[in-house]
Amino acid sequence: MTDTAASPDTPSASSFEASPDVLIVGAGPAGLALACALADAGLRPQVLEQAPLDALVAPPEDGRDIALTHRAQRIFASLGLWDRLPAGEIAPLKAAQVTNGDSPRVLPFNGQADGHEQLGWLVPNHRIRQACYAGAAARSDKITLTGDARVTALQRDAHGAQVTLADGRVLRAPLVVAADSRFSNLRRMAGIGARMLDFGRTAIVCRMRHEQAHDGTAHECFLHGHTLAMLPMAGHQSSAVWTVTSDGAAELMALPPAEFALRVDAAFGHRLGALELAGERHSYPLVAVYAERFHADRFVLVGDAAVGMHPVTAHGYNFGLYGVEVLARELAQAHAEGRDLGEAGPLARYAEEHRRATLPIYLGTNVVVKLFTNDSRPAKLAREVVVRATNWLPPIKAAVTRQLTGDTTPRVWGGWLPPLQALLRAPRPPFWSR
């Protein structure tokens with residue numbers, strides 16, 4: 001088998017005589033992080049990527065910036081990936097403010113309220129991808145990276161799973177992992193459906209320079225007919241995420257840079273002084289995805305293939321890392337005990353824990369998005385009530401802050417939290433079957 005090699009550090013398929021322990025389809029940041037975690041546990045994963053590996057060495061800037069929680073940062077650091085990020089491009093997220101249309105009320109959040117100096121960190125997505133690839137390449141004694149590998153078929157039996165590639169190659173392992181995006185072809189091949197919610201909106205993302213300092217504060221502005229987020233990046237720059245109805249996105253993308261900057265500045269209320277476009281604009285349609293199941297026989301989903309979030313709560317890649325941590329733990333234990341990596345028990349435990357961690361936030365995020373993008377008079381009144389109630393009720397605000405920081409330390413207010421946690425942990429059928 002011949003792999004597409006991108007550098008002398010790139011591991012090749014010929015590195016191993018035996019078949020891999022796990023086949024991971026998709027060399028995005030979730031798939032590569034999982035490969036690193038499995039390699040650190042003594043397993044030999046092989047990662048299949050349909051693009052050439054050259055594209056992974058130095059991925060282009062794509063306009064997206066990722067907010068990492070404290071838990072996600074710990075996972076990233078434990079894999080040796082945090083130190084591979086350029087220090088000058090890691091921006092602390094100290095606070096966040098939510099505004100609702102023309103209302104003068106602001107809903108503030110900060111890390112200090114949850115015992116942290118900051119809510120999290122903002123890192124360019126292409127730097128995360130680059131770090132994950134470098135981490136996988138550095139584990140060339142355990143990880144095989146295979147480029148130009150488009151999977152066309154998946155078969156599973158009692159003894160293992162195999163994938164067929166477009167060039168006719170057939171690869172086999174005890175377990176196959178789908179990490180090939182929220183629109184996963186492999187998920188479909190495994191017969192697993194997904195609930196998709198198309199918001200009919202497009203996010204235009206870009207970097208903006210501004211005159212005034214942002215003080216590490218992110219702004220989420222729910223405006224009439226559109227939403228604007230300004231995320232603090234290194235220096236006097238912010239990442240602008242302008243969410244508009246999809247039928248109006250093309251016009252904004254076509255505006256001259258200076259006029260586009262004026263539009264963003266006006267929408268933001270001139271809070272950071274004059275704005276200037278500092279890079280290319282990119283646009284992404286917004287579709288949320290939640291798989292009906294996270295595993296099947298000798299098959300499991302991670303990253304966006306399992307849960308693809310609306311970006312408003314910045315949980316997308318964080319959920320991917322949470323899933324990587326849990327799945328790697330279960331597979332490492334099975335490996336240490338000499339058990340079959342494709343057996344159902346570890347996969348079911350991963351799926352249940354990941355569902356508990358993601359489903360309430362997935363559903364809640366979609367409700368918030370629908371409410372705060374609805375400009376009817378009843379919705380506007382309801383939005384104002386939500387902002388006031390969150391400000392007035394410390395337990396609610398604290399719970400939201402914990403989700404922003406990724407802190408899983410239990411908190412107890414009046415004894416109501418333990419029963420709520422027990423309810424969330426109780427086995428339940430998928431929400432679409434109820």
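Q: What makes Ala33 in helix 1 and Leu327 in helix 8 part of a meeting between two helices?
A: Contact here means heavy atoms within 4.5 Å. Pro29, Ala30, Ala33, Leu34, Ala37 and Leu38 in helix 1 meet Tyr317, Leu321, Val324, Leu327, Ala328 and Leu331 in helix 8. The residues of that contact split into 12 nonpolar, no polar and no charged, where Ala, Val, Leu, Ile, Met, Phe, Trp, Tyr, Cys and Pro count as nonpolar, Asp, Glu, Lys and Arg as charged, and the others, Gly among them, as polar.

Q: How far can you trust this, and how is it counted?
A: This is a predicted model, where local features need pLDDT of at least 70 and side-chain atom pairs count only at pLDDT 80 or more, while totals for chains, interfaces and linings use all residues. Residues are numbered from 1 along each chain as its sequence is written, and side-chain values use heavy atoms, with hydrogens and water left out.

Q: Why is helix 1 called roughly parallel to helix 8?
A: Helix 1 (residues 29-40) and helix 8 (residues 316-336) pack at about 30°, with axes 9 Å apart. Angles under 35 degrees count as roughly parallel, over 145 as roughly antiparallel, 65 to 115 as roughly perpendicular and the rest as oblique, so helix 1 is roughly parallel to helix 8.

Q: Which residues of helix 3 are called buried?
A: Buried means under 20% relative accessible area, exposed over 50%, partly exposed in between (1.4 Å probe, protein chains only). In helix 3 (residues 70-78), His70, Arg71, Ala72, Gln73, Ile75 and Phe76 are buried.

Q: Where does pLDDT stay under 50?
A: pLDDT is the predictor's confidence in each residue, from 0 to 100. Residues 1-17 stay under 50, and residues 409-434 are below 50 too.

Key
Axes fitted to C-alpha atoms, helices over the stretch in contact; angles between N-to-C directions. Helix = DSSP H or I, 4+ residues; strand = E, 2+ residues; numbered from the N terminus.
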